[in-house]
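The sequence and the model come first.

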Amino acid sequence: MAKWRHEDMEGWLAAFQGVSEDGVSETLTENASKLASDLSADARNSGRDLPFDRQPAGFDALFNTLAVAEQSDSIEKEGWAVEPEISVSGRKISANITDMSMNQVAIAIADRKISSREATQAALDALDAKGPALNLVADLDRDAALGAADAADEALTKGGPSGRLHGVPLGHKDMFYRAGRVSGCGSKILENFTPDHTSTALTKLDEAGALDIARLNMVEFAFGTTGHNSVTGDVRNPWNRDHITCGSSSGPAAAVAARTIFGTLGSDTGGSIRLPAACCGLVGLKATNGRVSRHGAMPLCFSLDTVGPIARTVTDTTLLLSIIAGHDPADPVSSRRAVPDYFAQLESGVAGLKIAVPKNYFYDPVGDDVGGILESSLKVFEQLGAELVPVIIPGIERANELTTLIIMAEAALYHQYWVQSRPDDYGPQTLSRLVTGMAIPASVYIEALNLRQKILADFAAAVFDKADILHLPMLPVPVPRFDAFDAPGSAAFLEIVVALGHCTRPANFLGLPGLSMPAGFTADGLPAAFQLIGRPFDEATLLRVARAFERETGITDGAPDG
């Protein structure tokens, strides 16, 4: 195999960045035609999952070595094993149900302080009031949602709650398949696609008693970090509609932040859970690769795709993860590790923990506004008893570039038939990225995968040999305005796009868990966040550290005015 060279990557990225957002170059179109195989229309139009392949054995072995010790006691999946953060029993319920956290609503329904119908009606009313201006909803069935809520109330009367989210209305990114219901994936190509199976993550939420009341808008085929979608329209940020939400889980994050639903599922391949969560002032968790099943979730990049929660509070995020985590034989890369009790150490604080702070790469694009907020968050952790450990991570700058290459190459594989047969049905941004992916040589793509082992080993030695967790920037710049993207292909445009994923993609490339945590507000009043990266399968420490910050600062108590 030819040795990978940094200049080779620069060449491919230059080709990617040089493609106009308004069209596709003739040369790349010719390359796509030559490289794309002649797959049948029936196979491509089925919309079913592609097989997942495991990573090279060396990477898997190293990954498992770095993972936290497996716990023998897995979390109880039925009943009320979770100790709630805040009980509303015996208290006056908020006049506006949608201001309550997901955990509070679940407890209120179980205690019969409110009904599922009341909670669902409140959510539907909020979606009706705020959804159009923010462009949140791909589709919802009001009658079906209220019918499900009535059924949940009746079941509660007869036998108690069916699970920890009994009767709680949620909505999810329009890429999680539900048998018999359209899953449009933010696209024209799949606008009428009706799957014959339901995603494992949705099934687990169903079993926990949650209601799925809305399909929420997203970036076309989850392929983009800015949140733009020329097919279904751009989702607006509820903190300020002139600003983006980032993507690709744009609708889910905006819907939770706008207090229209109580929690949601997203996908994260290059930052698509964490970035929208950061822009919208929410907690977003990218789980360890293999921790949450991807079965029944639209594939983008089978080497890097992950599924995870976006919620208003750390407790809500913990609750969602505890429900959806676990092995699934329908996803070949699903881990068999027992799911720990994520609530066991949630309130344990950070005293005695070592938090690594990077001194290279991650802070390169960070300005004074965001930098000051990050510095303040580190001071909070010091005051709570954590030790800050400066680290230098060799070779980490490659991870961003390599992630981009892997995503483009694998996305091109999934879309190759449609790119040839229905190119006009893609938005220009999505099409240009897919065509560029088809031009990436197999040798370059394979070498990018093989480099994961070396970069992970260097990362572990630099970080996990010295600390328990890594604290770093989330979005290194203030949340951009929509008008910052008015000149596609310009130097300013490309600078913003590159900056958005600067800090998120390394976690995807290495398969590590990452959490976005609100940290404050920039001068323009938009949310800012920090990010935590942990060892494989150590989501518990991420949540514990984030909860300590939340408890000390009350940062998740605020909400947008609109």
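## Overall composition

The protein has 18 helices and 11 strands; helices (H or I, at least four residues) and strands (E, at least two) are DSSP runs, numbered from the N terminus. This is a predicted model, in which local features need pLDDT of at least 70 and side-chain atom pairs count only at pLDDT 80 or more, while totals for chains, interfaces and linings use all residues. Residues are numbered from 1 along each chain as its sequence is written, and side-chain values use heavy atoms, with hydrogens and water left out.

Of the 562 residues, 60% count as buried. Buried means under 20% relative accessible area, exposed over 50%, and partly exposed in between (1.4 Å probe, protein chains only). The protein exposes about 19900 Å², and carbon and sulfur atoms supply 49% of this area. Accessible areas come from the Shrake-Rupley method with a 1.4 Å probe; for residues, only the protein chains shown count as cover. Among contacts (heavy atoms within 4.5 Å) with a separation of 6 or more, 79% are between residues 24 or more positions apart.

## Salt bridges and Arg215

The structure holds 18 salt bridges, each being a side-chain nitrogen of Lys or Arg within 4 Å of a carboxyl oxygen of Asp or Glu. One of them joins Arg215 to Asp174, with the closest N and O atoms 2.8 Å apart. This pair links distant parts of the chain, 41 residues apart: Arg215 belongs to strand S3 (residues 211-216), and Asp174 to the loop between strand S2 (169-173) and helix H8 (200-207). Both partners are covered: Arg215 is buried at 9% relative accessible area, and Asp174 is buried at 4%.

Arg215 also has a polar atom of its side chain 3.1 Å from the backbone oxygen of Val182. Leaving aside residues up to four places away in sequence, Arg215 touches Leu136, Val137, Ala138, Asp139, His172, Asp174, Arg181, Val182, Ser183 and Gly184. Arg181, one of these neighbours, is part of a network of salt bridges that links Arg178, Arg181, Asp206 and Asp212.

## Arg547 and its two partners

Arg547 forms a salt bridge with Glu347, where the closest N and O atoms are 2.9 Å apart. Arg547 is buried, with a relative accessible area of 8%, whereas Glu347 is partly exposed at 42%.

A salt bridge also connects Arg547 with Glu550, and in this pair the closest N and O atoms are 3.0 Å apart. Arg547 and Glu550 both lie in helix H18, 3 residues apart, which is about one turn of the helix. Glu550 is buried, at 4% relative accessibility.

## Helix H11

Of the 11 residues of H11, 11 are buried: Val314, Thr315, Asp316, Thr317, Thr318, Leu319, Leu320, Leu321, Ser322, Ile323 and Ile324. Gly326 follows H11 and has a positive phi, near 135°.

Definitions and conventions
A polar contact is a pair of N or O atoms within 3.5 Å; within protein, one must be able to donate a hydrogen and the other to accept it, and residues adjacent in sequence count only if both atoms are side-chain atoms.
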